[in-house]
Amino acid sequence: MTSSVIAYARSLVKVYGEGPTAVRALDGVDVDLVRGELTAIMGASGSGKSTLMHCLAGLDKPTSGSVVVDGEPVSEMSERRLTKLRRTRVGFVFQAYNLVPTLTALENITLPLDIARRPVDADHLDLVVRTLGLTDRLGHRPTELSGGQQQRVACARALVARPAVVFADEPTGNLDSTSAAEVLGFLRRSVDELGQSVVMVTHDATSAGYAHRVLFLADGRVVDELREPTRAAVLETLGALTGPPRGSA
Amino acid sequence: MGRVALRGIRAHLVRFFLSVLAVALGVAFVAGTFALRTMLGSTFTDIVATTTLGDAYVRGAHEAGASTSGFGGVSRNLVPLDLVPTIEAVDGVERALPDLQGPAVLVGADGTAVQSTQAPSFAFGYDARDPALHLVAGRAPAAADEVALETATLASSGLALGDTTRVVLAGEIREVRVVGEVRLGSALAGATVVFVDTATAEALFAPDGEVASIGVYAADGVSQSDLVARLAPVVGADAQVVTGEQLRDETTAAIEQVLGFITTFLLVFAGISLFVGAFIIANTFSMWVRQRTRELALLRAVGASPLQVFTSIVLQAVVVGLVGAGVGVVAGLGLVVVLRRVLAGLGMQLTGRIPLDGFTVLVSVLIGTLVSVAAAAVPARRAALVPPVEALRDEVTVPERSLRRRAVVGIVLLVLGIGAVAWAMAAPGADAAGARLGYGAGAVVLGVLAVSPVLARAVLRVLGAVLLPLRPVGRLARGNVTRNPRRTANTAGALMIGMALVGASAVIASTAQASTSAIVSKEATADFVLRAPPSSSVPAQALDDVRALPDVRAADSFASAALRVDGSSTAVSGIDPAAVGRSIVVEDVAGSLASALAAGEIAVQRTAADDRGWALGDRVTLTGESGTRTARVGAIIDSPAFGVPVVVPADLLSDLVPAAQQVVSTVFVTVVAGAALDDVRAELTATVRPYVVVTVMDPEEFVSELADQVDQVLVILYALLGLSVVIAVLGIVNTLALSVIERTREIGLLRAVGLGRLQLASVITAESVLTAVFGTVVGLAVGVALASTLPTVFGDVGLRELAVPWSSLLAMLALAVVVGVLAAVGPGVRAARLAVLQAVSTD
């Protein structure tokens, strides 16, 4: 395994339910996520893209197969070790409800460090906050922030602990196009300028256009891959997979 | 809509579990109280019905003081025994039986007094013609050294027929042999009953040839009213005749009155429990509504009217109330059944009737439902006002309503309350002061409850700061308890009420103890104190024996009785004039107690003089069972040691009340100069040992015994308040459990960014402890502050030394921490068990 791969999955299978009603959400997936890249995972609803990300991030246990993140065998970890992994090696950005409402923006950003009882690197924090344009919002509560600002705070939180990988689950799903562009632009910059590795699940071709690489899933398998995609190329590949491109569902 | 409501409650039964439990506990208290009342009532009316069998009764025509024996009511002047032959000579009278009875102490097989659960102990004259008495075994007592025992008394005494033992009758100790067993028609509620022969009974209990009443039994065919009409002309002006029916009704009414007091007392605590329970219900429904905002908006969007939404929530409250009340009624009755078993085990036999009646069930169910509906009304109103557009919003944001209105209402109540309390403190002593203090205290408590959300934010920010070094647990926990101050305040409010009462009780108790101690050390100069337990007396013969000891200089008894003084029943103490200065030192306000008593005059307390308008030199009329006297007020005193308003010379009291009806619970003993106290104590102990019930104490022990009595009352109060504290703790569990459900998503997020299970459980525990400590601190502060005004307001009745039991209060605070930790166990485990992925993706 070369050091350029930050996380990988081998023969990943995830089955929900049992017997005749069982659903194979992942059906033997092999992926390598490259260090210092923004990887997008795309696919139609039910293609298994979210399940793949949950398994990679240690939020869900695969039925079989293995996941290794930053050299750690995630798929074999106990809940206690997973908790520790989430604290230090992995960052998350969810679609919504990303922030703890009782904490200020700054407290939310430093929350993973607080949880891990690690000191805050003030320079790094300052860099992240400035890059995200949150400097004058740090004292605000989440309810006092716009949707875009909330997602930027979530990104800052994911990045401040310098995790091995940031997992973003439809990070712009609830945002208008301007805010979405800001957030996506930042995720890309975090990769290009800070050397961060980011994995993002999305169903939106524009979002995927910000990635270095796009993986396409269908029926629980990786069916295609694009490097340095454009929006048009993504739409074309999607169209080839599923027929005419879907709207925003 | 009804179906929606019922489905909602069935699908989320767990959420309402603690609300139902809260209603059930409160209602159980109410139902238990009523059932207890019914059971006690039927026990005592059974006793009346099976022991008061006469067709007519001849008794005194004039009322004396409140009765000190039997079932309460009023005592009357005595009637002469000579009337018996006169009555029996009347045509239509079959027989006339004088009421020969008095207090007794029976020594059981184990050498101790036979007594159960503080029930009284009597001796009766045994007359074979009395239809209430059934000789079961042996024979009737025929001589002064023979007794018969009532069946339950025989059983609990451990004696058998033929055994010899001792009894203390009318102050004299005597050796007797148990010759018979007598059954009365009903369970006697633990009373100890001894029968002696009629000649002995007359000598002991009617030494002056007078008795309280004479029971008359009619010949066949003579009605009760006929009998009364025939007897009335022969009994004289100082006696009256009533039908048996009337006497039984009067006695029953007196019993009902006493039970009414007990019931009211218990219902106050049941009411507190229900009030506290209402907080749980209100919190549950308001969280339920908050969480279902979108669903409610959807209902509105598809055409449900606000009234329908309101009704659906209220319907759920009705279900909670009905289920809770149903469980509560059963639990309450169960409690009484258990209580009856326990009491029976202690020798207190109560009636076997199952104390279930429609009234109890109806009232209990009604109360449970009303409390539930009232508590849910505010959340239901809020639910009804949810705009349909909320259904379309992506993220449901319930704006936190302003606390200004509550703050304003609370501050107004607090100002009024504090004003009333200050008024009471400024003008103490008067009857109105007590009422002002009561209303003021009520307003203060309600005011604090109203401002508590505002208070919560401020206080919890400070309390929470202690936890901040525990990052991130402290910050998260503090954020959670301050994010919805209304909810935190309601949760803590339940505990606040209980703790305010606990704090006030603790302060009152320690103030009473400190005051007693101060009074004894200031006013009592005796070397030893002889004490008889409640509902018995130090026997006169024991007193004579003690006085006969060479080392004893004096033994001064404090006899008490209820007399009619200037028309109203008043507690009176009788002491030997020589005791003043010898056994007791009293502050004279006007005149001198010593010279007044020596001159046959009476002394009154300053407060009584104020209330009743007595001045030095006034003539006062005193009426007792044996007669009426007028006496001059020769002194006005200020002495909390005499807990009674009027003090008279011992001779005067004996003229008015037969010795058997006087209660002597305390005797002060002074020793001759130079006697070794340890030796005297040994002599005294040996002297009173045969009388079984009398204990010898030095003044310190006397103080601690009085303190123990206060502690016993405190324990009862704590036990009664305990339920409301338990319900309050359930309220904390409830709020935590529901907020874990409500915050599922946030908990998932925290776990996703690495919060460990233990850390999560710690956050919830910290929230719980903060809530419990907040409620306790504010509650205790309010209770202690209000109780601290008592010495100023009620200094006149003996509460003079304010004592705040800091160590008990600190213990309460520590208890709050423990309670907080315990309350968090369930919700904490539940939260820690949430699967991260599911939690993150919950809606």
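## Basis of the description

The model is predicted, so local features are reported at pLDDT of at least 70 and side-chain atom pairs at pLDDT 80 or more, whereas totals for chains, interfaces and linings use all residues. Residues are numbered from 1 along each chain as its sequence is written, chains are lettered from A in the order in which they are written, and side-chain values use heavy atoms, with hydrogens and water left out.

## The interface of chain A and chain B

Chain A places 27 residues in contact with 23 residues of chain B, contact meaning heavy atoms within 4.5 Å. The buried area between the two chains is about 2,400 Å², and carbon and sulfur atoms give 61% of it. Buried area here is the accessible area (1.4 Å probe) that two parts lose on being put together, summed over both. On the side of chain A, Tyr97(A), Thr102(A) and Ile115(A) lose the most area to chain B, together 26% of what that side buries.

Two salt bridges are counted between chain A and chain B; a salt bridge is a side-chain nitrogen of Lys or Arg within 4 Å of a carboxyl oxygen of Asp or Glu. Glu107(A) and Arg475(B) form a salt bridge through their side chains, at 2.5 Å from N to O. Two elements of chain A, α2 (79-88) and α4 (111-116), each give two or more residues to the side that touches chain B. Helices are DSSP runs of H or I with at least four residues, strands are runs of E with at least two, and both are numbered from the N terminus. The largest share of this side, five residues, comes from α4(A). By class, the residues of this side comprise 14 nonpolar, four polar and nine charged. In this division Ala, Val, Leu, Ile, Met, Phe, Trp, Tyr, Cys and Pro count as nonpolar, Asp, Glu, Lys and Arg as charged, and the others, Gly among them, as polar.

## Nonpolar cores

A nonpolar core is a set of buried Ala, Val, Leu, Ile, Met, Phe, Trp, Tyr and Cys residues joined through side-chain atoms within 4.5 Å. Buried means under 20% relative accessible area, exposed over 50%, and partly exposed in between (1.4 Å probe, protein chains only). The largest nonpolar core has 173 residues, and Phe167(A) and Phe285(B) have the most contacts inside it. Helix α2 (residues 13-51) of chain B gives the most to this core, with 17 residues. Neighbours within four places in sequence aside, the residues in contact with Phe167(A) include Met53(A), Leu56(A), Val90(A), Phe92(A) and Val199(A). Another core, of 45 residues, lies apart from the largest one; among its members are Leu543(B), Val604(B), Val646(B) and Val664(B).

## Selected helices and residues

Helix α1 (residues 49-56) of chain A is mostly covered, with seven of its eight residues buried. Among these buried residues are Lys49(A), Met53(A), His54(A) and Leu56(A). Just after α1(A), Gly58(A) takes a positive phi of about 80°.

In chain B, Ser372(B) lies in helix α10 (residues 358-384) and is buried, with a relative accessible area of 0%. Beyond its neighbours within four places in sequence, Ser372(B) is in contact with Ile281(B), Ala317(B), Val320(B) and Gly321(B). Phe275(B), in helix α7 (residues 244-291) of chain B, counts as partly exposed at 39% relative accessibility. Residues up to four places away in sequence not counted, Phe275(B) touches Leu449(B) and Ile497(B).

## Salt bridges within the chains

Over all chains, the structure holds 43 salt bridges. In chain A, the side chains of Glu37(A) and Arg227(A) meet in a salt bridge at 2.3 Å, N to O. This pair links distant parts of the chain, 190 residues apart: Glu37(A) is in the loop between β2 (23-34) and β3 (38-43), and Arg227(A) is in strand β10 (residues 221-227). Glu37(A) is buried at 11% relative accessible area, whereas Arg227(A) is partly exposed at 44%.

In chain B, Arg487(B) and Glu742(B) form a salt bridge at 3.0 Å, N to O. Arg487(B) lies in helix α14 (residues 485-523) and Glu742(B) in helix α20 (residues 699-742), so the pair ties together parts that are 255 residues apart in sequence. Arg487(B) is buried, with a relative accessible area of 12%, while Glu742(B) counts as partly exposed at 24%. In chain A, salt bridges that share partners join Glu37(A), Arg213(A), Glu225(A) and Arg227(A) into one network.
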